Amino acid sequence: MHDIRAIRDNPDALDAALARRGEAPAAAEIVALDEARRAKIHAAETAQAEQNKASKEVGRAKASGDEAEFERLRALVSDKKTEVANMQAEAKELDRALTERLMTVPNTPLPDVPDGADEDDNVELRRHGTPRAFDFTPREHYDIAGVKPGMDFETAAKLSGSRFVVLSGAVARIHRALAQFMLDVHVDENALRETWTPVLVVDEMMRGTGQLPKFGEDSYQTREGWWLVPTAEVTLTNTVAGLTLEAGDLPRRMVAHTQCFRSEAGSAGRDTAGMLRQHQFEKVEMVSITHPDSSEAEHARMTRAAEDILERLELPYRTVVLCTGDMGFGATRTHDIEVWLPGQDSYREISSVSVCGDFQARRMNARFKPEDGGKPQFVHTLNGSGLAVGRCLIAVLENGQQADGSVDLPSALHPYLRGKTRLTAGGTLA
């Protein structure tokens with residue numbers, strides 16, 4: 001959420017930032033709401049002062065025996081009390097309307113974020129690894145012989161409908177090994193604190209990280225009102241909601257492996273084959289809560305942590321910075337890491353690492369006390385996939401596939417598979 005004082009002082013800056021995102025101007029509407037709210041608060045305070053003054057005079061009129069003045073003043077106090085209550089209610093409603101409007105305005109991109117309309121305008125930062133040259137036509141993951149026995153879309157459709165999968169046997173074990181490997185690297189080598197969180201959250205948690213009120217259709221809500229988390233970003237980031245931390249407690253670096261749930265609203269017809277785009281999936285999520293002065297360095301650190309997982313798995317990838325038109329709602333800069341999928345002959349996103357500045361912190365009221373003892377300030381928040389487990393499984397299977405339908409598995413996974421190194425064409429580990 002944006003600082004209303006900053007918008008009040010420089011409305012053109014907000015509209016210029018929104019224009020870079022391809023969004024319509026919003027400052028005039030926000031400022032008008034703010035002015036109406038402040039005017040109503042001032043009017044209520046003035047009426048309250050008049051009520052208080054009349055209340056004091058009631059006693060004096062009663063003591064002097066002036067019954068007519070006493071009745072006039074008593075009626076005035078009653079009228080002012082009603083007037084104050086009405087004005088306070090109107091001010092509260094204007095405050096609610098202002099907050100709701102601010103909640104729908106996306107974050108402002110950093111100056112170095114490239115301008116653009118969509119993914120075609122994203123800018124590549126670097127590449128790692130060379131896509132393997134196959135002496136046969138590589139298949140997509142679900143068409144590899146050794147994968148088919150352990151990746152069942154028909155049973156999943158019977159159980160739950162489209163965009164679900166049942167993993168079993170060796171494929172399920174590789175999927176589990178990938179998550180365990182990622183967690184171990186992040187905890188043991190990247191100094192992230194392993195955290196286990198609920199996957200059901202209340203409205204306020206989704207509002208805190210920006211999924212509500214604007215993007216409710218992208219997630220699932222239970223009859224009891226809980227939301228199924230689209231990512232552990234929601235729970236990990238909100239662990240500091242409403243808190244005022246000590247500066248010495250920063251940064252807080254966390255990682256969680258969770259189920260994630262997305263309705264995929266607006267993605268009809270996209271990636272319907274295989275398990276690239278699912279309603280239920282697993283992700284290892286990284287979140288950092290930092291001092292404002294260190295969030296830029298933390299963004300680079302988190303991006304590198306995600307890239308390192310791919311390098312250890314011997315997977316070619318490229319890293320891009322998203323343009324203004326392709327950035328997520330809460331981000332002020334995003335690095336996407338795209339892994340090479342030979343079955344599609346293209347790079348596909350496997351991680352987004354975003355720095356959000358104080359945008360989420362304002363929504364959550366998450367602050368820290370400066371070491372110099374000054375006024376509490378908002379923390380900065382960052383989040384990133386480290387990595388999406390299902391998509392990583394796809395990449396491992398497609399990049400390691402052999403002509404006979406078997407799959408050579410990366411050495412980093414061998415210890416997690418009791419020394420097994422291959423998925424055979426028959427669907428077993430060997």
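A cavity is a set of grid points where a 1.4 Å probe fits but cannot get out. The views below look at a predicted model.

**View 1. One cavity passes the volume cut-off.**
The count comes to one cavity of 30 Å³ or more. The largest cavity has a volume of about 30 Å³. Its lining includes Leu 192, Met 254, Met 286 and Val 287. Ser 288, Arg 301, Met 302 and Ala 305 also line this cavity. By class, the lining splits into six nonpolar residues, one polar and one charged. Which elements each supply at least two of the lining residues? They are strand β10 (280–290) and helix α9 (295–312).

**View 2. The second largest pocket is lined by 19 residues.**
This pocket has a volume of about 400 Å³. Five of the lining residues lie nearest the pocket's centre: Asp 3, Arg 5, Arg 362, Arg 367 and Phe 378. Helix α4 gives the most, with four residues. Sorted by class, the lining holds eight charged residues, seven nonpolar and four polar.

**View 3. Helix α6 spans residues 169–188.**
The helix has 20 residues. From first C-alpha to last, α6 reaches 28 Å. That is close to the 28 Å expected at 1.5 Å a residue.

**View 4. Three strands form an open sheet.**
The strand order is β5-β7-β6, and the pairing is antiparallel.

**View 5. Strands β6 and β7 pair up.**
Strand β7 covers residues 227–228. Two bridges join β7 to β6, and the two strands run antiparallel. Look for Tyr 220, which stands opposite Leu 228 in β7.

Technical notes
Residues numbered from 1 in each chain as written. Predicted model: local features only at pLDDT ≥ 70, side-chain atom pairs only at ≥ 80, totals over all residues. Heavy atoms only, no water. Expected span 1.5 Å × (residues − 1). 1 Å grid on protein atoms, 1.4 Å probe; cavity = no way out; pocket = protein on both sides within 12 Å on 5 of 7 lines; lining within 4 Å. Points joined across faces, edges and corners; volume = space filled by probe spheres on them. Nonpolar A, V, L, I, M, F, W, Y, C, P; charged D, E, K, R; others polar. Pairing = 2+ DSSP bridges.
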